Amino acid sequence: VIPTAFEYARATSLRDALNVLAKGDGTKLIAGGHSLLPVMKFRLAQPPRLLDIAGLAELRGVEEYRKGARIGAATTYRELLESDLLRERFPIIAECTENIGDRQVRNRGTIGGSLAHADPASDMPSLMLALDATFNMRSKRGRRAVKAREFFQGPFATALAEDELLLDIVLPALPKGAGTAYLSQDQAASGYAQAGAAVIVARSRKTINHAVIALIGVGEVATLVAAADQLVGTKGEPEALARVAAASVDGIEVQSDIHAPADYRRHLTQVIVRRALEKALERAK
Amino acid sequence: VKILRYIAVDDCGPHINPMIVEGQIHGGVIQGLGEALQEIAIYDDDGQLITGTMMDYAVPRASQMPHLELDHTVTPSPVNPLGIKGCGEAGTIGSAACLVNAVCDALAPFGIEHIDKPLTPARVWAALQAAKGKENVQ
């Protein structure tokens, strides 16, 4: 419940933050603290120093970027929900974010914090995979960009180096008329997903020409479902959805815990994928 | 498990403060429903409690619980001058058993007669799978 002692400082600028990170003295970045503080309170993480980047204006906000959007890493869930641009272009973000934590958590927690923490049961990574997000990262050594599918490397492991900071997330425009849906079942105590699916589908006339499914809470890392490709060329008939839903867990080492044993979680995932597909298709124009 | 409607009729004798009585019944019913649906203390082989924090032990929250419809009969107790009776745990006594029975009743067509509480989705699913397995054997 009580974390080990740590020093705390506020970054005065992005450059200041990068300088501190470059020292490699074990400093952890903190923004909303809603991923980091709980693990510190459980003493699963014991960073000697925290550097608060929540106040850096250049890391906050949502803006139009090409035909998509750019989201600053320290943008809070509440700011995501309040963005008309995101609601219009990426309604799946609001659909998912509405159910993250409670109001207090959404007021403080940030998208970048959740992504950099990379909890395999948190919702955001699956959205980023489904939306084909690009993560822009920066260190004193320079800038680089990584695709979401390369960013998440394992449970609580990402492509971020020790001295790197996540600047922003760029989302490319969705295919025209795409329907999206996010669905998850959460464990009653923690609120973390036992299985969740982010789905994006688009049709040309009646035929599906784009289908992406990303899962969280199922395997040990958020992952794209290969079987989604099998929907392309179909008309989204119930049999096609059922087939893809059944195959959605293929190749995934389904996790097991005291609340959701693997066989149950496998079944749950298949149901959630089918329902999310149905919902997304209904919404596709 | 989705609770479609929950009606509780209690008799606590005359209500001196009806708001408090209603609050007590609410709290009691929810305590029982939490026990029936999601609260569980799990120990590992070494006797270590592994549902030891609020991340694992699912205390019921307002958003997870149904609306309650309450009504009362008023039968004064003959054994005290005010005619009052306890109401604090009145809701709890009935609600856990009532919910588990309701779920077993709903699952009776599948040949299910008993599921250990709490009726988490995983347990209800497992009971349905086991029932299906039996059918296959026949």
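This is a predicted model: local features need pLDDT of at least 70, side-chain atom pairs count only at pLDDT 80 or more; totals for chains, interfaces and linings use all residues.
Residues are numbered from 1 along each chain as written, chains are lettered from A and ligands numbered from 1 in written order, and side-chain values use heavy atoms, leaving out hydrogens and water.

Confidence comes first. pLDDT is the predictor's confidence in each residue, from 0 to 100. Chain B has a mean pLDDT of 92, with 97% of its residues at 70 or more. For the complex, the predictor gives an ipTM of 0.85 and a pTM of 0.90.

Now turn to Thr51(B). Its place is the loop between helix H1 (18-37) and strand S2 (68-72) of chain B. Helices (H or I, at least four residues) and strands (E, at least two) are DSSP runs, numbered from the N terminus. Thr51(B) counts as buried because its relative accessibility is 2%; buried means under 20% relative accessible area, with a 1.4 Å probe and protein chains only. The Thr51(B) side chain reaches the backbone oxygen of Ile40(B) at 3.0 Å. That side chain also reaches the backbone nitrogen of Ile42(B) at 3.0 Å. Leaving aside residues up to four places away in sequence, Thr51(B) touches residues including Ile258(A), His259(A) and Tyr57(B); contact means heavy atoms within 4.5 Å.

Next comes a pocket. Helix H4 (84-89) and strand S11 (179-186) of chain A each supply at least two residues of the lining of the second largest pocket.

Methods: Buried means under 20% relative accessible area, exposed over 50%, partly exposed in between (1.4 Å probe, protein chains only). A polar contact is a pair of N or O atoms within 3.5 Å; within protein, one must be able to donate a hydrogen and the other to accept it, and residues adjacent in sequence count only if both atoms are side-chain atoms.
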